[in-house]
Amino acid sequence: HNLRNNLVAILGLAERLTDVDDDWVTARAEHILDSASNLENATSHTAVLNDILESPIPDQQRHEVTTLIERLLAEIRAKSDATFDTDLPDEQFVAATSKLELALEHVLENAVEHNDADDPRITVTVRQSDQDVDIVVADNGPGIPSQERAVLLEGEETPLRHGSGLGLW
């Protein structure tokens, strides 16, 4: 709460500085705005992660993932110029935590947000194998940087080895 209040103050002051008739001040104010906005987004992600980590062992719920993915893609298509290809069954039920929708939303948004291709293309595939259901999101972007992948696979960060954000966590 206090962090957010301080960020609001910083954002407000930096916004006022962008109106100053001095290129050097304006450039620094815009840098402050970008940094503070990134920090504000990180605090939102932290709150969500904290909620997930502090939850008791999650109850499994029944989800129909085809409809869920189609709804999420419709929302993302409305605010993106990326092309989406899907290979989805007519319906696919899974047992998963209530956080499944949030996880899928983040993965799909990251595929769009971090795709720097001239013609961003995202493919979503759902396949059932034995007792598992695989949901695969692939894109034609740059991929996850090797340092980010290493930190995720190890499951922890250190002062010298860390990721650039909380989205993938």
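1. Which side chain does Glu 101 meet in a salt bridge? The partner of Glu 101 is Arg 71, with 2.6 Å from N to O; a salt bridge is a side-chain nitrogen of Lys or Arg within 4 Å of a carboxyl oxygen of Asp or Glu. Glu 101 belongs to helix H4 and Arg 71 to helix H3, so the pair, 30 residues apart, links distant parts of the chain; helices here are DSSP runs (H or I, at least four residues), and strands are runs of E (at least two), numbered from the N terminus. Side chains of opposite charge can pair when their charged atoms come close. The whole structure holds 6 salt bridges.

2. This is a predicted model, in which local features need pLDDT of at least 70, side-chain atom pairs count only at pLDDT 80 or more, and totals for chains, interfaces and linings use all residues. Residues are numbered from 1 along each chain as its sequence is written, and side-chain values use heavy atoms, without hydrogens and water.

3. The mean pLDDT (the predictor's confidence in each residue, from 0 to 100) is 83 for the protein, and 83% of its residues reach 70 or more.

4. The axes of H3 (residues 65-78) and H4 (residues 100-113) come within 10 Å and cross at roughly 40°. Axes are lines fitted to C-alpha atoms, for helices over the stretch in contact, and angles run from 0 to 180 degrees between N-to-C directions.
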